[in-house]
Amino acid sequence: MHEFVASTKLAEEGDDRHNHRFAGVTSEVIPKGSSHVHVILVNTDFFNHHHEVAIETGPAIHVGNGKHVHFVKGTTTLDDGHVHELEFATLIQKPLI
C-alpha cells in the first residue's frame, strides 16, 4: 500500500476559482500484467462542497533500492456543477524499511 497527498487542479472562474486537497492510503496490490496497480477511494476537502476520487493507479515505477511509486491521472466526480482534473504520484511504499 502507498500513502498519497495531493491537490486537484483549479476549476471554475472568478471568485469561485478553487482547488481541493486530499490524502489517504491506497488499496492493497492488484496484480495487473507484469506489474500491479492500486485503487484510490477518497473524498476531497470541503470548500462549500467536496468531490470523490475513485481511480486506479498506473503500474509501478521503480525508483531504485527495490522501491517504487505509482502515477495517477484522472478527474474527480461532478459536484457543484464542475469536476477537477488531478495528476500526482503516490509516495514510496514502506519508506522506513
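Does E13 count as buried or exposed, and what is its relative accessibility? The answer comes in point 2, after a word on the kind of model shown here.

1. Please keep in mind throughout that this is a predicted model.

2. With a relative accessibility of 63%, E13 counts as exposed. Its salt-bridge partner is R17, and the closest N and O atoms of the two side chains are 3.6 Å apart, which falls inside the cut-off because a salt bridge requires the nitrogen to be within 4 Å of the carboxyl oxygen. R17 counts as partly exposed, its relative accessibility being 39%.

3. The count of salt bridges comes to four, and another of them joins K9 to E87, where the closest N and O atoms are 3.3 Å apart. K9 sits in the loop between β1 (3-7) and β2 (21-25), whereas E87 belongs to strand β9 (residues 85-89), so this pair ties together parts that are 78 residues apart in sequence. As for accessibility, K9 is partly exposed at 42%, and E87 is partly exposed at 38%.

4. A further salt bridge is formed by K32 with E56, and here the closest N and O atoms are 2.7 Å apart. Because K32 lies in strand β3 (residues 30-32) and E56 in strand β6 (residues 52-56), the pair ties together parts that are 24 residues apart in sequence. K32 counts as partly exposed, with a relative accessibility of 46%, and E56 is likewise in the partly exposed class, with a value of 39%. In general terms, side chains of opposite charge can pair when their charged atoms come close.

5. Turning to the strands, β7, β8 and β9 form an open sheet of three strands in that order, with antiparallel pairing. The edge strands of this sheet are β7 (60-64) and β9, each of which pairs on one side only, and from one strand to the next the twist averages 20 degrees.

6. Within that sheet, β7 pairs with strand β8 (residues 67-75) in the antiparallel sense, over four bridges.

7. Elsewhere, β1 and β2 run antiparallel and are joined by five bridges.

8. Which residues make up the largest nonpolar core? It has 10 residues in all, namely F4, A6, F22, I40, V42, V53, I55, V72, L86 and F88. At least two residues of this core come from each of β1, β5 (39-43), β6 and β9. V72, one of the core residues, is in contact with I40, I55, T57, L86, E87, F88 and T90 when its neighbours within four places in sequence are left aside.

9. S7, found in strand β1, stands opposite R21 in β2. Not counting residues up to four places away in sequence, S7 touches N19, H20, R21 and F22. S7 is partly exposed, with a relative accessible area of 34%. From S7 to E87 there are 80 residues in sequence, yet the two are 8.4 Å apart in space, C-alpha to C-alpha.

10. V25, for its part, is found in strand β2 and counts as partly exposed, at 46% relative accessibility. Leaving aside its neighbours within four places in sequence, V25 is in contact with M1, H2, E3 and F4. V25 and D80, by contrast, are 55 residues apart in sequence and 26 Å apart in space, again taken from C-alpha to C-alpha.

Technical notes:
Residues numbered from 1 in each chain as written. Predicted model: local features only at pLDDT ≥ 70, side-chain atom pairs only at ≥ 80, totals over all residues. Heavy atoms only, no water. Buried < 20%, exposed > 50% of the residue type's maximum accessible area, 1.4 Å probe, protein only. Pairing = 2+ DSSP bridges. Axes fitted to C-alpha atoms, helices over the stretch in contact; angles between N-to-C directions. Contact = heavy atoms within 4.5 Å. Core = buried A, V, L, I, M, F, W, Y, C linked by side-chain atoms within 4.5 Å.
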